[in-house]
Amino acid sequence: MIVVSGATGTVGSQVVTRLQDRGTDVRPLVRAGSAVPAEWGAGVVPAVADFTDPASLDAALAGADVVYLLVAVHPDMATHERNVIDAAVRTGRRPRIVLHAAAGMGQRPDGVRFLAAHNSGLDHLVATGLPWTVLAPNGFFQNFLGMADAVRGGHLALPAGTSPVSYVDARDVADSAVEALTGDGHEGAVYTLTGPAALSHAQIAGHLGVAVGHSVEYEAVRPEAALAGMLGAGWDRWRAEGLVELYGLYAAGGAAAVTSDVEKLTGRPARSFDAFTDEYAGVLRGEGSH
Ligand SMILES: NC(=O)c1ccc[n+]([C@@H]2O[C@H](COP(=O)([O-])OP(=O)(O)OC[C@H]3O[C@@H](n4cnc5c(N)ncnc54)[C@H](OP(=O)(O)O)[C@@H]3O)[C@@H](O)[C@H]2O)c1
């Protein structure tokens with residue numbers, strides 16, 4: 001049986017749906033009161049648990065053979081990963097943990113808090129002696145759907161510099177996760193999941209512009225200006241600072257590597273950004289939801 005955490009989120013919800021469609025025994029871990037995706041059928045019975053509540057994690061992980069460990073971006077995310085790992089140890093069944101982390105962590109960058117948290121989780125996981133696999137996706141194409149207002153305004157301002165980034169489609173991350181969870185031979189493997197190309201943000205703005213039917217200019221803004229803008233828009237400071245740190249890694253060229261790991265896992269090439277913007281043109285133009 002496969003337990004999926006982060007199960008109501010962008011990637012986790014698709015992992016559960018795909019496992020259900022394959023007839024795999026899957027148990028999504030959901031928080032009390034969370035909306036359960038409509039795609040899950042009656043055969044998918046969630047376990048109500050919280051990363052902050054070890055007893056609830058013990059109940060959710062009972063009987064697990066494999067665990068998809070995906071935690072949300074949160075100041076306590078390292079502790080959340082550790083809590084799930086410790087609950088997996090307590091099952092006494094030695095389930096394999098497929099840790100959903102993030103590209104760039106292998107460089108062990110100082111000062112990128114999201115990556116430091118995932119590295120801390122991985123260090124703890126390795127120290128437990130449980131079998132493990134790491135999925136380290138680069139930034140998701142889908143992040144740009146959240147910037148649709150800026151795209152429609154023709155101006156994309158990010159502290160991402162001019163270096164290219166090999167963003168990946170979150171659906172390819174979910175497809176890759178299903179193979180990593182259900183296939184053989186993935187123990188001890190680290191898969192860095194990227195799109196088929198690294199694109200500069202000016203090129204990305206160009207593709208977004210084609211989708212919305214007018215030009216979109218990219219402006220590389222200074223980190224301090226980006227942070228001030230996010231705080232002014234009501235962002236939580238921890239998350240805003242973390243995002244600026246991550247964009248700093250992008251600007252330094254630290255997210256440009258392209259891998260074939262999506263194809264290795266899924267047997268087909270990763271989706272391209274222009275195919276994604278074609279497909280989501282209506283959403284980017286504000287004509288639909290995603
Ligand atoms: N976005 C990117 O570009 C990107 C790229 C690479 C890696 N990542 C990594 O991907 C992860 C985020 O993935 P995502 O975007 O699919 O997540 P997401 O959409 O933000 O969903 C987060 C999930 O975690 C659950 N959750 C939050 N707090 C919880 C708690 N205390 N106990 C139990 N469940 C809890 C949420 O449940 P509720 O429905 O109850 O809120 C939701 O199911 C992060 O670890 C991030 O570092 C992201």
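Modeller: A helix here is a DSSP run of H or I with at least four residues, and helices are numbered from the N terminus. The model is predicted. By that assignment, helix α4 spans residues 113–128 and includes Asn-119. Asn-119 has a relative accessible area of 7% and counts as buried, because the cut-off for that term is under 20%. Apart from neighbours within four places in sequence, Asn-119 contacts Met-105 and Arg-108.

An unreviewed UniProt entry lists residues 6–182 as "domain: NAD(P)-binding".

Now to the ligand. It is surrounded by 23 residues, and the closest are Thr-8, Ser-34, Val-71, His-100 and Asn-143. By class, this shell holds 11 nonpolar residues, 10 polar ones and two charged ones.

In Thr-8, a polar side-chain atom is 2.4 Å from a ligand oxygen atom. For Ser-34, a side-chain N or O atom lies 2.4 Å from an oxygen atom of the ligand. Phe-140 instead takes part through its backbone, with an N or O atom 2.9 Å from a ligand oxygen. On its own the ligand has 930 Å² of accessible area, and the protein covers 80% of it.

Methods. Residues numbered from 1 in each chain as written. Predicted model: local features only at pLDDT ≥ 70, side-chain atom pairs only at ≥ 80, totals over all residues. Heavy atoms only, no water. Near = heavy atom within 4 Å. Polar contact = N/O pair within 3.5 Å; in protein donor to acceptor, adjacent residues only side chain to side chain. Areas by Shrake-Rupley, 256 points an atom, 1.4 Å probe, with all protein chains shown as cover. Nonpolar A, V, L, I, M, F, W, Y, C, P; charged D, E, K, R; others polar. Helix = DSSP H or I, 4+ residues; strand = E, 2+ residues; numbered from the N terminus. Buried < 20%, exposed > 50% of the residue type's maximum accessible area, 1.4 Å probe, protein only. Contact = heavy atoms within 4.5 Å. UniProt positions renumbered as here; feature names shortened; annotations may be inferred.
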